[in-house]
Amino acid sequence: MSFENLNLHPLILKAINDSGYTSPTPIQEQAIPELLAGHDIMASAQTGTGKTAAFMLPALHRLATPSKVPGRGPRVLILTPTRELALQVSEAAAKYGKHLPRTRVVSILGGMPYPLQNKLLSQPVDILVATPGRLIDHIQRGRLDFSRLEMLVLDEADRMLDMGFIDDVERIASTTPATRQTLLFSATLDGAIDRVAARLLKSPKRIQVATQQAKLDNIEQRLHYVDDMSHKNRLLDHLLRDIALKQAIVFTATKRDADTLADNLSAQGHEAAALHGDMNQRDRTRTLTKLRHGGLRVLVATDVAARGIDVAGITHVINFDLPKFAEDYVHRIGRTGRAGASGIAVSFASLKDGINLKKIERFTGQRIASHVVPGLEPRVKSRPGPSAGGASRGAPSIAHKRNRTWANDSGRAATNGNWDNTRGRSFNDSRENTRGNTGGNTFKTSDAPSPYFRTK
Ligand code: AMP
């Protein structure tokens, strides 16, 4: 199926096209038609499945038609358990709504100053993304007018339940019009979520997509510690010479790196080419066709360019640079092990990747076992393998935390040996924060985009 079949507004299709998406994900394919038909839905879909666009695209489609009700209050309200998720959702609204006129997105999050939020809420709003506690505060102070509200989205409802936000969510819902369309997204649709849905949704359609967890089962994940760029290049060359490797996607952090690495690999005799967003569509299509037909053994790509690539011959994914976001890791390694085959996902990690590695392992609930290639051992000491350290779900081993000496990229010894020493925090600062606790998450105000997105 293509996005064109979904009957979305042409300006939304244009934004989808700009994002480089070629086809809807399963959750989008199932949810969008139901939502455009006006049904409530409850969907089991985790982050990484494309669930944000699954509700945001129909929400924006609604906004393309002016409201019949006068007023300045939000027409779409999205409740999320964490600030981090709220910001991602706000960014998605701005991204997919960028061609629509007058689509104003505001996020109201806990831990942010009230005066700015008061000001934002005094102006017209189309999409409001909020964490429940702070929104309740504003509702109680009479700053919200939900008379125009058409759609209420409960994103990651199971987490809101776990975190004790569900009462707030229900109180918020009770202040919105009964005519609203309500959407509930949750990792699982179990008894507790069913009861919430029974109270807030009207004859919802149930939608279920495979969880990320299940998808990773056929992929062997490996970690290689690397000292510096030269070490990385030698390891990559070695891995690519393995005859068991039929086709591989090598991920780099930037488009430029993808070009450079593809050139270097070609110079070393590998059948390699780059794929990234700066290439014109014709070149991208040509490269992908070559990959599909087996005429290319190594594709060096960036996250965006490689999204959705479905080539059965990909036996290996190599994270030359570790992704910044755990969701991207899952997307990347999901490029191998397609169509029931098994696959191998290799990640290179240096000292500075400690935080990202921890996030990835927490997200997947799986510990990545470290491997060493004889003759290409890292100078840095790798952490113990699963047998020594124990591969516990959601909590990577920290057995080696003390008394380690890591050599950093410049060859000097790292001073405190902690994974997180780039931030001066210890590795296990927020280890217990696997679920339902915003207090320790890595959200930084300085990283956050403005809470106010004006899409036009
Ligand atoms: P989500 O599950 O909403 O967090 O989305 C995960 C990632 O998938 C985001 O980075 C989106 O940009 C991306 N994405 C969403 N829809 C598609 C699509 N149809 N094709 C490719 N990537 C997508």
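**First stop: helix α12**

Select Ala 258, Leu 261, Ala 262 and Leu 265, which are the buried residues of α12; buried means under 20% relative accessible area and exposed over 50%, with partly exposed in between (1.4 Å probe, protein chains only). Viewed down the axis of α12, these buried residues fall within an arc of 105°, so they line one face of the helix; the arc is that of the directions from the helix axis to the C-beta atoms. Helices (H or I, at least four residues) and strands (E, at least two) are DSSP runs, numbered from the N terminus.

The model is predicted: local features need pLDDT of at least 70, side-chain atom pairs count only at pLDDT 80 or more, and totals for chains, interfaces and linings use all residues. Residues are numbered from 1 along each chain as its sequence is written, and side-chain values use heavy atoms, leaving out hydrogens and water.

Next, display α11 (229-240), β9 (247-251), β10 (272-275) and β11 (298-301), against which the buried residues of α12 pack; contact means heavy atoms within 4.5 Å. Then turn to the other side of α12, where Arg 256, Asp 263 and Ala 267 are exposed. Just after α12, select Gly 269, which takes a positive phi of about 100°.

**Second stop: Val 209**

Move to the loop between β7 (205-208) and α10 (212-216), where Val 209 lies. Val 209 counts as buried because its relative accessibility is 12%. Leaving aside residues up to four places away in sequence, Val 209 touches Pro 26, Ile 27, Gln 30, Ser 44, Ala 45 and Thr 49.
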